[in-house]
Structure formats: structure tokens, C-alpha cells
Amino acid sequence: MDGSAPQLTADHVLGVFRHDGFYLFLGAAFTTSGLLAAAFSLLRRKFDAMLFWLALFAILYGLRLWLQLGTIALAVHPSVLFFRLREASNYLVPIPGFFYFQAAGFLGRYGRKIAMALAIPFLCLFTGALLFGDNYFFNLINNLIVIASLIALSVESIRRKAVNKDFTMVRWGIAVFVVFALYDNISGALGYHPFKEPLGFALFLAALGYVAARRSLARDQRLGEIQKELEIARRIQTDILPSAYPESDHFQVAARYVPMTSVAGDFYDFLITDQKQVGLLIADVSGHGVPAALIASMVKLAATSQRENAADPAALLSGMNAVLCGNTQNQFVTAAYVYLDVPSATLKYSAAAHPPMLLLRAGEVVEIAENGLMLAAFSFATYVTAVHPLEPGDRLVLYTDGLLEAANAEGEEFGPQRLCGLLKDSARLKPEEAADHIVSSLKRWARSQNDDLTVLICDYTKATAFTG
């Protein structure tokens, strides 16, 4: 007996292709849609069960559709494995479909148990078809389970109350798919093979695509509105920061504020801008974004309410802590405040869990630290003022920990030693230039900005101009 494949004419091949062309397109479309959904599911930070099962459902459905076509049978070498795989695919496709409808909420409160119960017989049928090939009883069991499941799905879909337009659209898509699937399965149980179900599945995917497009447009609109609101918030937050420090015979002050996002939790203020005294405050709210920015505005109000204590850093921080405690939704604040006085040639400094202030004097950098507990965390927190002499040519630097914790591509933090090195390198620059040098050097170092950055530089230029 000659086991070679019969010779096919060009007309026969062309006729098969013309018959299958539309279904080849549908199979490619289903599989592509599934792959796109799978890619989108993987790119999302949070696992989306409904999207995952829909992707698997569409991919398997498209592949099964191809396996059923004569064109594919002509293109591959006929084998027992191919025919068994083609038969077994019929029993594999419904499994992700059940889990999709469960994830979408169409199987009721016991949806997961129902999906698991339905998956077991189909896995058995899939395994049996791979081992034994085509079997009438396998097809009959498949058709009966699918028919019963689709009828139950239709009843549950109709019974559920529509919550929005998207739900209604999905329900209509399911209804159309169920009608086509029932038609094919009932016909299959009677011995006919009309092969209309793929049209219903195409309409079902079209309904889901419409809903996805609507939600995408709505999400883009919401994001646009949020971006506008964040821009307004950014301008408001920028407005609460002080403008350039006024000209002074004794002090030159430069500030640089680089938020990680549109709004930030870093804050600074000039509480005193007198010719003979200056009060500089810097603060860092835990967290990032809008919540931290709201707390930063509260820090502004707390600092303003304590202006009468501007010459006493410890009293100022204690007063701010009393105002903030219990009002920051468990977010805390680190802060540092320095008061410079020309008549007494002294600086007074106090801090609340903040990185130490740096003093550049005669080419050497010294850390000045006097830390108490963070603000807004403990009502019993107390603070102490450190007093140091002030000399002409001193440069004082206040900063937030975003400078120290900036990491390069190897994960190495910038750290205090590199910051001190930058201060020495920029000792001859004016405060404005030195601040720019620090920020630009940090940006070159860091792989990306992971925190808000703020730096204040104050030069004490003269002490002899005071005459009493």
C-alpha cells in the first residue's frame, strides 16, 4: 500500500485557501490580540487575573482555529501527533475561558470553585485526546458540558444588574459569543459542523476592545486632569518658597530646590533676612509626591507661627513640633535651623533628626550637629541649641538627605565625603555658582533621582561693618 500523500492540484490548494482565508485572518487576529494582552499584563506592576486569562483564552482560541483549517493540514506533514493535537485543542481552549469569566465576575460568588470544577474534566479530555485521538464520547462530553456552561453563563449574565455602560457592552459581547458557541456545540452534538463560533468570538473580542478603548481614553483624560492639577500644585508650592535672598553687606545666600516629582516634601525658608542677622530653615518630609507636599505646606505654617523664636533655634523647633504633632497622618519631618548674628559674631544651630550642617572654614569642612527627635512624631521631644563662633569667610551649608543617598549605577551612595569634597572644590565660587556645581555634580553621579534635593549655602562675608 502506498502511504504517500495524494497529489494535490493547484486548483484544489487554491480552493482550500479561499475557503480558509477568512478564518486564517481571524486566527491571526485572535492570537495577536492575546499576545498584546499578555504583554500588557506582564508590563503592569500588579497582576491582572482577568487580563491574563483573556490573553491565554485568545491565544489558544486562535491557535485552535488554525489547527482546524485545511490550509494548515496541507502545510504540515500529516502525522498522528498533528491530528491528536488538533483534536485535543478543542478541550484545552475552554479552560482559560472559564477562569476569565470567573475573574470578570460572571460566575457568581463561587466562581473560582466552579471554574476549577469545570477545568478538571476538560484536562482529562485533553489528556485522553492526546493519548487516544479522536473519540465520539469525548466530543459528546465536551459538547454537553460546554452547552450547559454557556446556558448557565447566559442566565447569570442576564440576572446580574448592569453597573455601567462598559458592563452592558461586555454582557452583549458575551451573549453574542454564547449564541454562536451554542449553535456550534448543539450542531456538533447532532453530527453537524457549521463552524460559526469564531465569528461570535470575534464580536466578543470587539466588545472587549471597545471597552478597553473607552477606559483608555477615560484614563488618559483623568491623567491629563491630574497633570494639570499637579502643575497648579507645583506652582503653588514654588510660590510658598522664598524668593532670592535680599542683598546684604554680611550674607550671601543661595538656594537650590530640585523635586523628584512635580511636587515634593522638601522645604526651606528664610525666617530672618535682616542686614545684621539671618535665620535659615530647611526641612524634609518623609515620603514623596502630593502627601509630602501637603505636609511641607504645614511645615511652612508651623515655621511662620514661630517667628518670635527665630533667635532661639531650640525654641523654634519645639514650637514647630507642638504645632505639627498629631496633624501629619503619621508622616514625620526632619529639620535644621541656623541663626546667624553679626553683633555677637555667633551662629546658633539646632536640628531634628536632620543631616548635620557643614561649615567650610579656611579650606576645611567641619560638621556641626545638634540633633533632637524628628518633628511631628513625639510630643515630648526637646531640642538643644549649639552656639559656635562666626568668622569672616565662613560658608555654611544646609541640605536634605537626598544629596547623600543619591546612588550611581553600581548602587554606591554619594555620601558625606563626596559632598565635603565638592564644597572644598567650589570654595572660590560664589554661593550661587557653588550650589549649581553641587547639583550638577550630583546629577552626573546619580543613575536617577530617587529623592527630593535641596541645598542652602550661606556665606558670611563681613563682620567689621557693624558699629553698634
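Let me start with Ala353. Ala353 is partly exposed, at a relative accessible area of 33%. On that scale, buried means under 20% relative accessible area, exposed means over 50%, and partly exposed is in between, with a 1.4 Å probe and protein chains only. Ala353 is not a glycine, yet its phi is positive, about 55°. Ala353 sits in the loop between β5 and β6 (357–361). Strands here are DSSP runs of E, at least two residues; helices are runs of H or I, at least four; both are numbered from the N terminus.

Two notes on the source. This is a predicted model, so local features need pLDDT of at least 70 and side-chain atom pairs count only at pLDDT 80 or more, while totals for chains, interfaces and linings use all residues. Residues are numbered from 1 along each chain as its sequence is written, and side-chain values use heavy atoms, with hydrogens and water left out.

Next, Ala345. Its phi is near 50°, again positive in a residue other than glycine. Ala345 is in the loop between β4 and β5. At 24% relative accessibility, Ala345 counts as partly exposed. The strands β4 and β5 form a hairpin, with 4 residues between them.

Now the strands themselves. How many residues of β4 are buried? In strand β4 (residues 333–341), 9 of the 9 are buried, so the strand is largely enclosed by the rest of the structure. In a regular strand, side chains alternate between the two faces of the sheet. In β4, Val333, Ala335, Tyr337, Tyr339 and Asp341 point one way. Thr334, Ala336, Val338 and Leu340 point the other way.

β4 has pairing partners. Strands pair if DSSP finds at least two bridges between them. Strand β3 (residues 277–285) runs antiparallel to β4, joined by 9 bridges. Gln277 has Asp341 as its bridge partner in β4. With strand β5 (residues 346–352), β4 pairs over 7 bridges, also in the antiparallel sense. There, Ala335 is partnered by Ala352 of β5.

On to the rings. The structure holds 19 aromatic pairs. The rule takes rings of Phe, Tyr and Trp (its six-membered ring) with centres within 6.5 Å; planes under 30 degrees apart are stacked, over 60 edge-to-face, the rest tilted. Phe30 and Phe201 make an edge-to-face pair, 4.8 Å centre to centre, with 85° between the planes. Phe30 is in helix α1 (residues 10–43) and Phe201 in helix α9 (residues 197–240), 171 residues apart. Both are buried.

Tyr100 and Phe204 have ring centres 6.0 Å apart and planes at 75°, so this pair is edge-to-face. Tyr100 is in helix α5 (residues 94–103) and Phe204 in helix α9, so the pair ties together parts 104 residues apart in sequence. Tyr100 and Phe204 are buried. One aromatic cluster takes in Phe30, Phe57, Tyr61, Tyr100, Phe201 and Phe204.

Which ring does the charged end of Arg64 sit over? That of Tyr61, 4.8 Å from the ring centre. The test asks for NZ of Lys or CZ of Arg within 6 Å of the ring centre and within 35 degrees of the ring normal.

Last topic: what lines the largest cavity? Arg256, Tyr257, Val258, Leu403, Ile438, Val439, Leu442, Leu453, Thr454 and Val455 do. A cavity is a set of points on a 1 Å grid over the protein atoms alone, where a 1.4 Å probe fits but cannot get out; lining residues have an atom within 4 Å of a point. Elements giving two or more residues to this lining are β1 (251–258), α14 (431–445) and β11 (453–460).

Technical notes. 1 Å grid on protein atoms, 1.4 Å probe; cavity = no way out; pocket = protein on both sides within 12 Å on 5 of 7 lines; lining within 4 Å.
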